[in-house]
Amino acid sequence: MDLKILLLSTLLGFICDSSAQQEGNECIKGNARYCGECIQVGAKCGWCTDPDFLKQGEATSTRCDEIESLKKRGCAAAKIEDPRGKQNILRNKAVTSRSKGGVKLKPEDITQIQPQKLSLVLRSGEPQTFNVKFKRAEDYPIDLYYLMDLSYSMKDDLENVKNLGTRLMLEMSKITSDFKIGFGSFVEKTVMPYISTTPAKLLNPCTGDQNCTSPFSYKNVLNLTEDGKQFNTLVGQQQISGNLDSPEGGFDAIMQVAVCGSTIGWRNVTRLLVFSTDAGFHFAGDGKLGGIVLPNDGKCHLEDNMYTMSHYYDYPSIAHLVQKLSDNNIQTIFAVTEEFQPVYKELKNLIPKSAVGTLSANSSNVINLIIDAYNSLSSEVILENSKLPEGVSMTYQAHCKNGVVNEGESGRKCSNISIGDEVSFNIGVTSKGCPKQTDPSKSEVIKIKPLGFTEELEITLSFICECDCHKDRIPKSELCHNGNGTYECGACKCNEGRIGRQCECSTNEVSSEDMDKNCRKDNGTDICSNNGDCVCGTCECKKRENPEERYSGKFCECDNFNCDRSNNKLCGGHGRCECRMCICDANWTGSACDCSLGTSTCLASNKQICNGRGTCECGTCKCTDPKFQGPTCEICPTCPGVCAEHKECVQCKAFGTGEKKDNCERDCSYFNLIKVKDRDMLPQPGQAFPLMHCKERDANDCWFYYTYAVNNNTEKEVHVVETLDCPSGPPIIPIVAGVVAGIVLIGLALLLIWKLLMIIHDRREFAKFEKEKMNAKWDTQENPIYKSPINKFQNPNYGRKAAVL
């Protein structure tokens, strides 16, 4: 199983490596026919202009390759076309640094973005990166236009807005010393809610005795001004109007405020539009209810400060409104009642640089709402760019406060920016090919700006679509077969209908059979050896999946990948493959360039080649003395003293004993130890490498047996019997037993002698006692006071017959 997994991993690794090579060399895969086409394939691609660069059978497209590959194939660096992109900063005014109360600058003299203008020359696939700074200037001018819904439900709100001018001027003076305010109002298209109403109803749409002005779509009441009192006066003169449906025509009003800049009086400063309402909105398509079908044209139609085309053009779409607000750098604040918060929050998500605030029932909190919304909008910078030319892409990376780095789509934005804070953006511009236009040298202009600000960075783009050598092209060159092509960058670019490396053939002149005949080595071989196509009687060899592998030769009979290998490397890694033969590097020879002609690897420690006991062949010693082996024929396993030399290390590694047991790992790691159960399992003589049998004794008089050898991989091996052979019980017992037996026998003999003497002594004493007894003179009587301890009784019926019952 492990072997299968290993083979599978190796195969997958080979496939992945081949795929990586194939994907990595996009230059060859591009099949570029001329230099200009080659450099548009990718940033790594170059074109070799050397006329003699191509080998026979190679197509013109093989001039296009990666730079290093071209050099390896023999193209001099001076002959390689590899133009590079560049950039040039044209205007680089530093961002403004000043404090409030200092010299008052005109809006056009304040700089918040740097640089302001640059030019980029783009090479296909090569990104041009640059840095853009943004700094919020202190005391920056602000224009604020208050656009109010004057339908009847906003009657109490109007009372509070009448004094808004002076109060807002006072609050905004804390932020900027240059502030202007304007006012406009809106209700609804006159045609929408009153189609079926009477003319009198149009004049006074309110009910009862309420006096209201006639409905209108949008009216510019006050252009932007620094006079807060005038704001109060004009707003105080406004009257409420009315309509029948809930949604209002606010989008018409917003569009006119955005596009009528000259009438409104917008300056190139921070532009705020406060949209105040307590209702929803009509948008594109709703005009059909009143018979209005023409789409909003997004143009200014104010006459005497009144929108005059509300009955002619439909409401604008949200997308159209977003575009116009962005084009005119207007930041929108939706001040709406709590009931319509969800609707306008969804709208905010569609309109960049906009905010939503909750308007109280009578607009009493409008000033705080405006201040909070302005702080929220101005604390965030978002970069946007104009429409990019075809094939051009941009990437953003934002470096914000406190080391925060944003990438991807968030790379356009930095938040929580205070006045005086500076942030930067790394921007990359990349082109894929040249734009499809009649004049490739024509420049394109794109702009990058922070949303809600008038300042911008203007970038002029130009594209590298041709090589420098294109300028020296020779139309109708004689090098291209009697002028049938343009000689350009070392190759012929054939005219329409001509083919061949020198444009020598016409597609209509040469028959297929004639061409095929010239592409066969002989009648028995395939066309172009089945490795190419016959083009104009000349073989153009096929390309391999691996772009590093190539066919060549007049009949594509050669290749650079079917040579002998060594160590799984083509030509051993010491040569190159040409026409299926290895061309070896210096000091290497052999069919696979695996034989080194150097002798440095054969020098022994005594500076003799192979220790004087062998010959150096292909950088490796061939030992002629069978007793010696090793890389330089210096190892002799069977020489005297070998066993004693390795005794201590074998003892410590196998049994953990001996003098080197404390430093065994340090001193004895030079050989591999293999344990066997008994002496019969030790390696025996007759192997491919010399072997030494060893028998050594340890400090306990135990024998251990092992073999020492150096195998064919020059690795030292020791096979050792895992058990010691120590002196055991059977040889010692007879000696001890004999000694003990001798001692016991002597003891027994002495004991028998002693017993015999005692018996003789006892008998003599007994005989003497008997003799003295017989010679005694006294009489023997019973002791008169002696009484026998025995009592005798007799059954009185003993001996009688038993009675019969």
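Predicted model: local features only at pLDDT ≥ 70, side-chain atom pairs only at ≥ 80, totals over all residues.
Helix α11 is a place to start. The helix covers residues 318-327, and its buried residues are H320, L321, V322, K324, L325 and S326. An α-helix has 3.6 residues a turn, so residues three or four places apart point the same way. What do the buried residues of α11 pack against? Their partners include two helices, α9 (250-259) and α12 (341-350). The other partners are the strands β14 (330-336), β16 (381-385) and β21 (444-450). Just after α11 comes N329, which takes a positive phi of about 55 degrees.

The next topic is the empty space inside the model. Rolling a probe the size of a water molecule over the atoms shows where empty space is left. Six cavities of 30 Å³ or more are counted in this way. The largest cavity has a volume of about 120 Å³. Its lining is made up of 13 residues, and those that lie nearest the centre of the largest cavity are T62, C541, K542, K543 and R550. Sorted by class, the lining of the largest cavity holds six charged, five nonpolar and two polar residues.

The second largest cavity contains about 100 Å³ of space. This cavity is also lined by 13 residues. Nearest the centre of the second largest cavity lie R136, A137, Y140, T270 and Y374. Which classes of residue line the second largest cavity? Six of the lining residues are nonpolar, four are polar and three are charged.

The last topic is the disulfides. The model has 25 disulfides by the distance rule used here. One of the pairs is C434 and C465, with sulfur atoms 1.9 Å apart. The torsion about the S-S bond of C434 and C465 is about -120 degrees, so this disulfide is left-handed. C434 sits in the loop between β20 (422-431) and β21, while C465 sits in the loop between β22 (457-463) and β23 (485-488), so the pair ties together parts that are 31 residues apart in sequence. Are these two cysteines buried or exposed? A residue counts as buried when its relative accessible area is under 20%. C434 is buried because its relative accessible area is 19%, and C465 is buried because its relative accessibility is 9%.

A second pair is C469 and C489, whose sulfur atoms are 1.8 Å apart. Why is this disulfide right-handed? The torsion about the S-S bond of C469 and C489 is about 100 degrees, and therefore the disulfide is right-handed. C469 belongs to the loop between β22 and β23 and C489 to the loop between β23 and β24 (491-494), so the link joins parts that are 20 residues apart in sequence. C469 is buried, with a relative accessible area of 12%, and C489 is buried, with a value of 6%.

The link of C584 and C593 is left-handed, with -95 degrees about the S-S bond. C584 counts as partly exposed because its relative accessibility is 25%. C593, in contrast, is buried, with a relative accessible area of 0%.

Methods:
Residues numbered from 1 in each chain as written. Heavy atoms only, no water. Buried < 20%, exposed > 50% of the residue type's maximum accessible area, 1.4 Å probe, protein only. Helix = DSSP H or I, 4+ residues; strand = E, 2+ residues; numbered from the N terminus. Contact = heavy atoms within 4.5 Å. 1 Å grid on protein atoms, 1.4 Å probe; cavity = no way out; pocket = protein on both sides within 12 Å on 5 of 7 lines; lining within 4 Å. Points joined across faces, edges and corners; volume = space filled by probe spheres on them. Nonpolar A, V, L, I, M, F, W, Y, C, P; charged D, E, K, R; others polar. Disulfide = S-S within 2.5 Å.
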